[in-house]
Amino acid sequence: MKFIISGRNIDITDGLRSAVEDKLGKLEKFFTDDTEIHVTMSVEKERQKIEVTIPVKGNIIRSEQVSNDMYVSIDLVEEIIERQLRKYRKKIIDKKQNAGTFQQAFMEKDFKDENTNEIKIIRTKKFGFKPMYPEDACVQMELLGHNFFVFLNAETEEVNVVYKRKGNTYGLIEPDFNE
């Protein structure tokens, strides 16, 4: 696996680099040697944050963990990614598309808890779209008491999503059909 490690407001010491490569190196049983793992470490006040992104054909495997100690964050992020891979193995592995990304042993292995973690959609909602601006969608989301809101953007005439972020801020998701 190829590690691409960067830092924001933190110097990546040899100890941190070694801890990331050792801990996340445990994931090599899942991926081929040419798989890239993007790691970004950052420090904001007392928060030690690590973000790990693994692009796989058709999917992105990602985890972000925050703690008071970067080494604890590294441990947590590895556990989360391994749990994601085991839980969603059948969903993320399409043998025709992703065969070059994952180890053959991982694709063929039968995990015991796999069937208990099946994704079940238990409710479906349908509603009409009224064009609105992103700011209006945020207000509507707040009025409904939700964490996200799907709407038809009056500026772009495309379906967008606004969502609530930490720190009482908002995010906007716009489709990009070029990828």
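Visitor: Contact means heavy atoms within 4.5 Å. On that basis, among contacts in the protein chain between residues at least 6 apart in sequence, what share joins residues at least 24 apart?

Guide: The share is 40%. Bear in mind that this is a predicted model.

Visitor: Fine. How many helices and strands?

Guide: The protein chain has five helices and seven strands. Read from the N terminus, the order of elements is β-α-β-β-β-α-α-α-α-β-β-β.

Visitor: And how much of the protein chain is buried?

Guide: Of its 179 residues, 34% count as buried.

Visitor: Which residues touch the most other members in the largest nonpolar core?

Guide: Leu27, Val39, Met41, Ile50, Val52 and Ile54 do, in a core of 24 residues. Two or more residues each come from helix H1 (14–24), strand S2 (36–44), strand S3 (47–56) and helix H2 (70–87).

Visitor: Which of those gives the most?

Guide: H2, with five residues. As background, nonpolar side chains in soluble globular proteins tend to be buried together.

Visitor: Back to Leu27. What is it in contact with, leaving aside neighbours within four places in sequence?

Guide: Leu27 is in contact with Met1, Ile54, Glu78, Ile81, Glu82 and Leu85.

Visitor: Change of topic. Do S6 and S7 pair in the parallel or antiparallel sense?

Guide: Antiparallel: strand S6 (residues 159–165) and strand S7 (residues 169–173) pair over five bridges. Within that pairing, Tyr163 stands opposite Gly171 in S7.

Visitor: Now the surface. Which residues form a nonpolar patch there?

Guide: Phe127, Phe129 and Val159 form one, and together they have about 280 Å² of accessible area.

Visitor: Where is Phe129 placed?

Guide: In the loop between helix H4 (104–108) and helix H5 (134–144).

Visitor: Why does Phe129 count as partly exposed?

Guide: Because its relative accessible area is 40%, and partly exposed covers what lies between buried, under 20%, and exposed, over 50%.

Key:
Residues numbered from 1 in each chain as written. Predicted model: local features only at pLDDT ≥ 70, side-chain atom pairs only at ≥ 80, totals over all residues. Heavy atoms only, no water. Core = buried A, V, L, I, M, F, W, Y, C linked by side-chain atoms within 4.5 Å. Buried < 20%, exposed > 50% of the residue type's maximum accessible area, 1.4 Å probe, protein only. Helix = DSSP H or I, 4+ residues; strand = E, 2+ residues; numbered from the N terminus. Pairing = 2+ DSSP bridges. Patch = residues over 30% accessible without salt bridge, like charges linked within 9 Å, V, L, I, M, F, W, Y side chains within 5 Å. Areas by Shrake-Rupley, 256 points an atom, 1.4 Å probe, with all protein chains shown as cover. Salt bridge = Lys/Arg side-chain N within 4 Å of Asp/Glu carboxyl O.
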